[in-house]
Amino acid sequence: MTEMAPSFCVSFFFSLLLAILWICPTYGRLSVKVSENVLKEICSSHEDPPFCLQALKSDPHTPFVDLVGLTNISIHLVDVAANKTLALIRSLIKTADPELKKHLDDCLKMYDATIGDTEYAKTALKAHDYETVNVASGSCMINAETCTDTTTTSAPPLRQANKNMRYLCETFVVVSNHLL
């Protein structure tokens, strides 16, 4: 039995070393500062790459963050825009006819859900649960598209806010995709 102990120890330490080598490149990639080229690469898959770049660069912290920090910035951008759009929807509801009010109420629910998704994403990001962050970004996108679909012609002031929100959600999606 004493002869097996050294063999077990070697196997255990070899397995541990492999696990560390497998995990470290992932964390190493996430902790490197985001360069201009990385920003361009991330935003290249966006429907409107210049919008994506401008949105991410609008935060003064962008030149100093890693991919996790950039994801946090994209979550913050969505959160701020969702709250502003929610306020716009609430003001439009006050003067809307019953049919439009129904659509705006649906949008209100979508934007409330988006704000919940951003909070969920923040918690998941802190826990290094990047798959959940990515799922939250997709939910954000669906919510913005749903509101756009229901109010496209009936609430012109909301049209631009929804478009902006959809693009910010897409920015959140393309950034969080790089966490995986």
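**Figure 1. Overall view of the predicted protein chain.** Residues 24 or more positions apart account for 74% of the contacts (heavy atoms within 4.5 Å) in the protein chain with a separation of 6 or more. This is a predicted model, in which local features need pLDDT of at least 70 and side-chain atom pairs count only at pLDDT 80 or more, whereas totals for chains, interfaces and linings use all residues. Residues are numbered from 1 along each chain as its sequence is written, and side-chain values use heavy atoms, with hydrogens and water left out. The secondary structure comprises 7 helices and 0 strands, following the pattern α-α-α-α-α-α-α along the sequence. Helices (H or I, at least four residues) and strands (E, at least two) are DSSP runs, numbered from the N terminus. Of the 180 residues in the protein chain, 42% are buried, that is, under 20% relative accessible area with a 1.4 Å probe, protein chains only.

**Figure 2. Close-up of the largest nonpolar core.** A nonpolar core is a set of buried Ala, Val, Leu, Ile, Met, Phe, Trp, Tyr and Cys residues joined through side-chain atoms within 4.5 Å. This core has 52 residues, of which Leu56, Leu70, Ile89, Leu104, Leu158 and Met165 touch the most other members. Two or more residues each come from helices H2 (36–43), H3 (49–57), H4 (67–95), H5, H6 (130–151) and H7. H4 gives the largest share, 13 residues.

**Figure 3. Close-up of the surroundings of Leu56.** Not counting residues up to four places away in sequence, Leu56 touches Leu39, Cys43, Thr62, Leu70, Ile73, Ser74, Leu77, Thr171 and Val175.

**Figure 4. Close-up of helices H2 and H3.** The two helices pack at an angle of about 135°, with their axes 9 Å apart. Glu36, Leu39, Lys40 and Cys43 of H2 meet Pro49, Cys52, Leu53, Leu56 and Lys57 of H3. The contact of H2 with H3 has 6 nonpolar, no polar and 3 charged residues.

**Figure 5. Close-up of helices H5 and H7.** H5 (residues 98–126) and H7 (residues 156–177) pack at an angle of about 25°, with their axes 13 Å apart. H5 is therefore roughly parallel to H7. On the H5 side the contact is made by Leu104, Cys107, Tyr111, Thr114 and Ala121, and on the H7 side by Leu158, Ala161, Asn162, Met165 and Phe172. These residues divide into 8 nonpolar, 2 polar and no charged.

Terms used. Axes fitted to C-alpha atoms, helices over the stretch in contact; angles between N-to-C directions. Parallel < 35°, antiparallel > 145°, perpendicular 65-115°, else oblique. Nonpolar A, V, L, I, M, F, W, Y, C, P; charged D, E, K, R; others polar. Buried < 20%, exposed > 50% of the residue type's maximum accessible area, 1.4 Å probe, protein only.
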